[in-house]
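Hi,

Here is the structure I promised to pass on. Have a look at it first, and then read on for what turned up.

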Amino acid sequence: DNNNNIYLGGLVGGTSTATSEDGNNYSGGSIPGKDNLAIAKYDTLGNLIWFVSEGSGTSGTRTEAYGIKMSKDNSKLYVAAYTEGMTEIDPLDAFA
């Protein structure tokens, strides 16, 4: 983004929680035993700003982020992902 923050996307399995440098815990909201899409935002020093995880909610399925792109005006974060089965992911409020 315009502030040189770092965005990482990938896959987490089971229930996920990330802890920022200031001690804030971010629950991924994932479903235990499932493979879920995960996205994290870090500042230029590598400190976690936020973390989110979303999945299909269906047993044995996989949802994984493969690519992330920020819009030029910093208003939207686009995620290219792979999913097995039916997946509906609502817009995430964490992208701020």
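Residues 24 or more positions apart make up 52% of the contacts in the chain that have a separation of 6 or more. Please keep in mind that this is a predicted model. The mean pLDDT over the chain is 75, and 68% of the residues reach at least 70. Confidence is highest in strand β6 (residues 63-70), with a mean of 85, and lowest in strand β3 (residues 25-27), with a mean of 65.

On to the secondary structure: the chain has seven strands and zero helices, so read from the N terminus, its elements run β-β-β-β-β-β-β.

Which strands form the open sheet? There are three of them, in the order β1-β4-β5, with antiparallel pairing. Since β1 (6-13) and β5 (48-54) each have a single partner strand, they stand at the edges, and one side of each is left without a neighbour in the sheet. From one strand to the next, the twist averages 20 degrees.

One place to start is Ala40, whose bridge partner in β5 is Phe51.

Finally, some totals for burial and surface. The chain has 96 residues, of which 33% count as buried. It exposes about 5900 Å², and carbon and sulfur atoms supply 47% of that area.

Happy to hear what you make of it.

Best wishes

Terms used. Residues are numbered from 1 along each chain as its sequence is written. This is a predicted model: local features need pLDDT of at least 70, side-chain atom pairs count only at pLDDT 80 or more; totals for chains, interfaces and linings use all residues. Side-chain values use heavy atoms; hydrogens and water are left out. Two strands pair if DSSP finds at least two bridges between them. Helices (H or I, at least four residues) and strands (E, at least two) are DSSP runs, numbered from the N terminus. Axes are lines fitted to C-alpha atoms, for helices over the stretch in contact, and angles run from 0 to 180 degrees between N-to-C directions. pLDDT is the predictor's confidence in each residue, from 0 to 100. Buried means under 20% relative accessible area, exposed over 50%, partly exposed in between (1.4 Å probe, protein chains only). Contact means heavy atoms within 4.5 Å. Accessible areas come from the Shrake-Rupley method with a 1.4 Å probe; for residues, only the protein chains shown count as cover.
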